[in-house]
Structure formats: C-alpha cells, structure tokens
Amino acid sequence: MIVRFLTKRFIGDYEPNTGNLYSRLVHLDGDHVAVQIQDTPGCIQQAQEDCVQVLDSLSRCVKWAEGFLLVYSITDYSSYQSVQPLYQHIRKVHPDARTPIIIVGNKADLLHARQVQAKDGLQLADELGSLFLEISTSEDSQGVCDVFQYLCKEVSKLQHAGSTDRRRSSIIPRPKSPNMQDLKRRFKQALSSKVK
Ligand SMILES: Nc1nc2c(ncn2[C@@H]2O[C@H](COP(=O)(O)OP(=O)(O)OP(=O)(O)O)[C@@H](O)[C@H]2O)c(=O)[nH]1
C-alpha cells in the first residue's frame, strides 16, 4: 500500500518487510508537506497478545508517529481481529482521541475470498471512533492516495490547531534516512522476475 502511494505502482510479489521507513513530500491543499511513513512488520499470523508484543518493540515509531493506518485484509479474518488490540495499544501511547487512526480493509478486489464483511469493518470503526475505508491496492491507486491524503490532512489540521505536543516532538528523535534505496531494489527485483 505504501509502495503504491509513493510510486503509483503495484508490486504483486510478496516480500515481508522488516520495518522500512520512507520519506516524501506530499502535495496537500497547494502546499508541500514532508511526511515520513513507517511500514511495520505484519503480525497477522500471531496471536493477539503476540501482536501487542510486536507493537511494543515498535513503540518508538508509535510514539513519534502522528497518524496511523491500521490495515487488514478482507480475505483474512485474523488480520481483522488484530486491529482492535493494535488500536488500543496506539491509544495508550496517544490518549488524545484526535490523533487520527484510520481503519482500512484492503484487497477489496478479492470478493470471492472475502472473510470480513464491509459492515464488520464499519462496526469496528464505529466502536473505536475511527474512520473506515475499504480499498484495493492492486486495482485502485487513487483509493490508496485518498487514504494517505486524508490521513495527512487530519494530522495537518491537528498541528494547525496547535494541539500537537511540541515538547514531545522535540524530545522524540525521528528517524532520518528515507528508504528509497529499498524501493528501487524491489522494483529491480520485480522487473527482472517479469523479464524471466
Ligand atoms: N489482490 C490483491 N493483493 C494485494 C493487495 N494488496 C496487497 N496484495 C498482496 O498481498 C501480499 C501482501 O502485501 P504486503 O503489502 O506485503 O502486506 P503487508 O501487510 O505489508 O505484509 P508484511 O510485509 O508481512 O507486513 C502481497 O503479495 C501483495 O501483492 C490488493 O489490494 N489486492
């Protein structure tokens, strides 16, 4: 999903990520805003308690992040079940209910394999007070961009409202190096496997 947003391209090959960080200038209401996007290793194969442990180890990025996308696959019920504990973990770190957390049901193109109904995603988002969207990263590049744009706007609104804790942002070190090298490597890999 992040690769789709940053490059507009979809890489179909699965390659588990180990926590890539990407930097990008995003066009937002006529402005360019610098954003950093942290991809987190998936934990859908693990029990919910383990999932929280995985997130514990990533608590540094949870601390510096100012907005969150919780993405599950509509074809994998266990990934949907991971959303609530992840949400609660984030809210512990960011008790301000205005910190945007958007719940996203991905792979909406795989209707024949659907395990999570759209109404379940909506219901969960309602319970948690979040926004919910279903998208298909493979089929709908614009949908992916809309999600990120929306999140950036929400974060930006919060910052302009002066409600971001400036002291916290000066204390928590943000990672510096973008991960475009890794993206290039993945493109090369994807291209060479297509040529073969
Ligand atoms: N059909 C379809 N496949 C998708 C879609 N989005 C992702 N995939 C595929 O699903 C697999 C997993 O996608 P990733 O983006 O790597 O998922 P992830 O949750 O980041 O996985 P981790 O790297 O383990 O954290 C890949 O093979 C993707 O090509 C989609 O919208 N539709």
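Predicted model: local features only at pLDDT ≥ 70, side-chain atom pairs only at ≥ 80, totals over all residues.
Modeller: Buried means under 20% relative accessible area, exposed over 50% and partly exposed in between (1.4 Å probe, protein chains only). Residues are numbered from 1 along each chain as its sequence is written, and side-chain values use heavy atoms, without hydrogens and water.

Biologist: Is Cys61 buried or exposed?

Modeller: The relative accessible area of Cys61 is 12%. That value is under 20%, so Cys61 is buried.

Biologist: How many disulfides does a search of the whole structure find?

Modeller: A disulfide is a pair of cysteine sulfur atoms within 2.5 Å. Cys145, buried at 9% relative accessible area, has its closest cysteine sulfur in Cys152, 10 Å away and too far for a bond. Over the whole structure, the number of disulfides found is zero.

Biologist: Which element has the lowest mean pLDDT?

Modeller: The protein chain averages a pLDDT of 83, and 74% of the residues score at least 70. Elements are DSSP runs numbered from the N terminus, helices being H or I with at least four residues and strands E with at least two. Strand 4 has the highest mean, 98, while the lowest, 48, belongs to helix 8 (residues 166-171).

Biologist: How many aromatic pairs are found, and by which definition?

Modeller: Rings of Phe, Tyr and Trp (its six-membered ring) pair if their centres lie within 6.5 Å; planes under 30 degrees apart are stacked, over 60 edge-to-face and the rest tilted. By that rule, the number of pairs in the whole structure is four.

Biologist: What kind of pair do Phe5 and Phe148 form?

Modeller: Phe5 is buried at 7% and Phe148 at 5% relative accessibility. Phe5 lies in helix 1 (residues 2-7) and Phe148 in helix 7 (residues 141-160), so the pair ties together parts 143 residues apart in sequence. The ring centres are 4.3 Å apart and the planes at 15 degrees, so the pair is stacked.

Biologist: What kind of pair do Tyr72 and Tyr80 form?

Modeller: Both tyrosines are buried, and one aromatic cluster holds Tyr72, Tyr77, Tyr80 and Phe132. The ring centres of Tyr72 and Tyr80 are 5.2 Å apart with planes at 75 degrees, so the pair is edge-to-face.

Biologist: Which exposed residues lie on the face of helix 6 turned away from its buried side?

Modeller: The buried residues of helix 6 are Asp120, Gly121, Leu124, Ala125 and Leu128. They pack against strand 3, helix 4 (77-81), helix 5, strand 4 and strand 5 (131-134). On the face turned away are the exposed residues Lys119, Asp126 and Glu127.

Technical notes. pLDDT = per-residue confidence, 0-100. Contact = heavy atoms within 4.5 Å.
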